[in-house]
Amino acid sequence: MQEQLRKLKDINHMLKKEIRQRIGEDLNELSIDHLRVLEQNMSEALNGVRGRKYHVIKTQTDTYKKKVRSLEERHRNLWMEYEAKLEDPYGLVDNEGDYESAAALVNGASNLYAFRLHQGQHHHQHPDLHLAGGFGPHELRLP
């Protein structure tokens, strides 16, 4: 056990000396060859650290790109839902059997216009819409 303890102490002493040399201390006693080896070891360690750093950055970038694509897809879906809900107020008005507009559309008429009620103005709010003979100019808007 004494021999094992002595070996561990020697290893610990060498590691502490190597650490001091890597931070720039205790370099005076090293030969040029040892300095070159130390420089090469530090360069290899730096390349390893740099490689791990770039790998982490690339992984994070890829993760964020996936999140952005997912959010863009969600945005597109929500936008399509929103537009679909906006289209609900549009529609054909039944003019008590007068289907000339529909026939004109089938025959290629290009002078038909779509109208919609302002937000919040629906049939249940204006029960006399059909009785009044149509819309006033202030109630209609081109889409």
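Where does Asp26 lie? Asp26 sits in the loop between H1 and H2, and the views below start from there. This is a predicted model, in which local features need pLDDT of at least 70, side-chain atom pairs count only at pLDDT 80 or more, and totals for chains, interfaces and linings use all residues. Residues are numbered from 1 along each chain as its sequence is written, and side-chain values use heavy atoms, with hydrogens and water left out.

**View 1. The loop between H1 and H2, with Asp26 in it.** Helices here are DSSP runs (H or I, at least four residues), numbered from the N terminus. H1 is followed by Gly24, which has a positive phi, near 95°. Asp26 has a positive phi too, near 55°, and Asp26 is not a glycine. As a rule, most residues other than glycine have a negative phi. Asp26 counts as partly exposed because its relative accessible area is 34%; the cut-offs are under 20% for buried, over 50% for exposed, and partly exposed in between (1.4 Å probe, protein chains only).

**View 2. Helix H1 from end to end, with Lys17 picked out.** H1 has 21 residues and reaches 30 Å from its first C-alpha to its last, close to the 30 Å expected at 1.5 Å a residue. That expected span is 1.5 Å times one less than the number of residues in the helix. Lys17 belongs to H1 and, with 28% relative accessibility, is partly exposed. Look across to Leu27: Lys17 and Leu27 are 10 residues apart in sequence, and their C-alphas are 9.9 Å apart in space.

**View 3. A nonpolar patch on the surface, made by Leu8, Ile11 and Leu15.** Together these three have about 270 Å² of accessible area, worked out by the Shrake-Rupley method with a 1.4 Å probe (for residues, only the protein chains shown count as cover). To join a patch, a residue needs over 30% relative accessible area and no salt bridge; like charges are joined within 9 Å, and nonpolar side chains (Val, Leu, Ile, Met, Phe, Trp, Tyr) within 5 Å. Ile11 is found in H1, which covers residues 2-22. Ile11 is partly exposed, since its relative accessibility is 44%.

**View 4. The salt bridge between Lys58 and Asp62 in H2.** Side chains of opposite charge can pair when their charged atoms come close. A salt bridge here is a side-chain nitrogen of Lys or Arg within 4 Å of a carboxyl oxygen of Asp or Glu, and the structure holds eight of them. For Lys58 and Asp62, the closest N and O atoms are 2.9 Å apart. Lys58 is exposed at 51% relative accessibility, while Asp62 is partly exposed at 31%. The two are four residues apart, about one turn of the helix. Elsewhere, salt bridges that share partners join Glu3, Arg6 and Asp10 into one network.

**View 5. The salt bridge between Arg6 and Asp10.** The closest N and O atoms of this pair are 3.0 Å apart. Arg6 is partly exposed, with a relative accessible area of 43%, and so is Asp10, at 38%.

**View 6. Asp33 paired with Arg36.** In this salt bridge the closest N and O atoms are 4.0 Å apart. Asp33 and Arg36 are separated by about one helical turn because they are three residues apart in H2 (residues 32-87). Asp33 is exposed at 53% relative accessible area, and Arg36 is exposed at 54%.
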